[in-house]
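Subject: Structure for your review

Dear colleague,

Please find the structure below, handed over for your use. The findings follow directly after it.

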Amino acid sequence: MKKIFLIIFSLIVMFSFVSPVNAGHECPNAFNFCGSDGNLWQDRCDPYDHVQIQDCGGRGCSNGQCVGSTAPPPPPPPGGTSTCTTGVCNTVSCRSLEPSETGTVGGDVCDANHIWQADCSKTCSTNAECPQNTDQPDYINASTSAWCYEFKDDDGDTTNNNRCLQLRFDGFGNPSCGGTGGSCTLGRQSPTVTDACASCIVGQRSDLRTFYNDNGHSACSSVQIVNDWCNGVDPNSCNSVKSGACASSCGGTGTRPALCQSMSISQSSISSGQTVTITSTANTTVSKFMYAFYNNDHRDPSTTTPQPIYYEGSTHYTPTDTRTATSDTQTFSYEELARPDHNFSDQVPSSIQINGYFFDSAGNQSAADANCVVQLAVAAPAPSASIAPTEPPPPPEGTVCYSVAESEAALATDCSQSNALSYNEHPKLTTYTLQDQTPGVKRIYVRFIGTKGTLSTHFKDITYQIPAQISNLVCHYGTTGSKTEATIKGTNFGAQGTNSKVTISGQNATITTWDGIDTIVASINSKPEGQLTVEVTTNDGRTVSSTCTVGLTTVSFNAKNQCKQTGKFDASDVSVKIYDLISSVTKPIVDQKVSLEAKEGAAQGFNPQLEIGKDYAISVDAPQTLTEVVQFKAEEGTTVLPDIILPPGDISGRGATVGASDGVINSVDYSEMVRQWNLVQDVTRTGDLNADKRVNSVDYSCMVLNFNDSDEKIPEATSSAQLTSSDNSSSLF
């Protein structure tokens, strides 16, 4: 298996340089091909940009298409797990479907924002014959999302009965599913609005009556429809209409209490990396605080009123804080506010108005008040430096080559120079060795050169520190008194200073030797038992730790996921096996499941008893990673292995269980990552390789770094062993 080593900084830094133009050559039309798994795939031009477009279901694949007479169902579309393997297709919708993740089953299948409908006017045999999904599950294109599904007639016949199952965005959220015939079955009828208020709202929102009629609620009155819409479907939009155009019909300010006292904002503008704090104060104790965001760039042409901001679907952005108090403080980041407004052609707002509202103990919303309105200017977002694994629109110019250096002057200016490298994949992963390896801040430049000779230059600053390393650790009890002493051998400890420190089992140790070269001796006045953690803090703040066991010969190690940052190395269900290389490698002498701590990836509760002088091999296998193998010779005390870097990306079939995968990172894993793709934070999925709660281009880059690699194998029995080592290289992402 190929080895790619990363510099392990005191803070592990991963770079992301993505060319502003398309990779390599002008991108031809994408083409279909039969994969090794017998399914139909599509090549999106770049070397690893393959997307499965049809599961042939074991029927076979030939000449770029599935063979056979029946089209199988595709993978579940975004937004739910609905399937359509049963049911009757009629001229209205797909009946008897399984519900989506958030939906309910009634006359049609619907959820909070979408409805499924089958196009029964024509048949289909492949997904290509239906409008294609845009691969953006957090913002469905309501006019182009459909898949070819197999339906059954009433008699169970599936012949020539494949239809395009359409996912349609309803525009503001579905009503309660169900309700047909001559009676109204809508729920959410309390509290209720007056006839005058309902008439005004239906007049302002003419789409309400049409939508409810189309979904089987033609028997419902305007009051019933408005009650359902205001009390559950989209209360924020309802309140905007009630307090705006329909204020007089819906009671005006007289029915909404005057609760505002004041509202302030910490700054009048915000840019990347900054936060802004808003404080709102009521003139009495209230039960809830609300902040309604409006786009000053998008105004009603007749009233010049700023319009609501929709960051998610068609929902007005109105964050709330439910608590009993007179004052409330909320903090918003630039990244929360500099997002596309779906109510304004997906443009990022440059000027935002925030209105503060309060709710009394009865749940009544306060009247609008100029004293509770603030303004905020939002700087334009910088161009994104990441790319989703779907091909972007073809740019006018492609990237031919690139150059990396530690000074701008050392970069290539054309592709004929020796330091110009071919840009043959997108994104391009490069391992770069620092020329200047003295500790400190380093600036790394990259230049992209296009087909027309255009130069695009970028740089990133990194902090490079030579990490301290522990190579051997011996712990023993003192011959007199209550004392435990640790002798630490290693490199890059530096000279002892006022900030230098050693702890043993969490206790500050007295340092008796710190020679500034390779040896530290320290002790504590107690005798803790079992496995002890020894941590060294250098004078410049770097830390390194390992474990030892008093009176036993053992081994300790740190295992670090290649794509995670310091403090996120924690993992559970990690399989560790040790083999005796001299006797036999057919069966491990140690087979244990351990957990890794977050800071350094140290194995917890791992204390094998080994023989001094023998050669061993240790294998480490964590969820989502390939197995890594390190050979070592057991030394007196505790043998401390170099950091074991685990290549992430083996996610297909594994889930969170070690040993359930196929031990190779390939197109099957890539297909699984594409299925899990999610730009929204706070998801827990196996494709999240860098533990940032998203499955995005950073995880894709991590997988590509180790593409086609497989588990390392235990070597044949031998009388000697070699330790692995790392170099001073850094991957540029």
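Leu596 stands opposite Ala603 in strand 36. Strands here are DSSP runs of E with at least two residues, numbered from the N terminus, and two strands pair if DSSP finds at least two bridges between them. This is a predicted model, in which local features need pLDDT of at least 70, side-chain atom pairs count only at pLDDT 80 or more, and totals for chains, interfaces and linings use all residues. Residues are numbered from 1 along each chain as its sequence is written, and side-chain values use heavy atoms, with hydrogens and water left out.

Strand pairing

Strand 35 is joined to strand 36 (residues 603–604) by 2 bridges, and the two run antiparallel. Their hairpin has 6 residues between the strands, and Gly601 takes a positive phi near 75 degrees there. Strand 35 (residues 590–596) also pairs with strand 34 (residues 571–580), in the antiparallel sense and over 6 bridges; in this pairing Lys577 stands opposite Asp591.

Elsewhere, 4 strands form an open sheet with antiparallel pairing, in the order 27-26-30-31. Strand 27 (507–508) and strand 31 (543–549) each have a single partner strand, so one side of each is left without a neighbour in the sheet. Strand 26 (residues 501–504) is joined to strand 27 by 2 bridges, with Ile504 opposite Gln507.

Aromatic contacts

Rings of Phe, Tyr and Trp (its six-membered ring) are taken as a pair if their centres lie within 6.5 Å; planes under 30 degrees apart count as stacked, over 60 as edge-to-face and the rest as tilted. By this rule the count comes to 12 aromatic pairs. The ring centres of Tyr311 and Tyr317 are 4.9 Å apart and the planes stand at 70 degrees, so this pair is edge-to-face. Tyr445 and Phe459 form a tilted pair, with 5.7 Å centre to centre and 50 degrees between the planes. Tyr445 lies in strand 22 (residues 440–450) and Phe459 in strand 23 (residues 455–464), so the pair ties together parts that are 14 residues apart in sequence.

As to accessibility, buried means under 20% relative accessible area, exposed over 50%, and partly exposed in between (1.4 Å probe, protein chains only). Tyr311 is buried at 4%, as is Tyr445 at 13%, whereas Phe459 is partly exposed at 43%.

Tyr311 also belongs to one aromatic cluster with Tyr291, Phe293, Tyr317 and Phe332.

Yours sincerely
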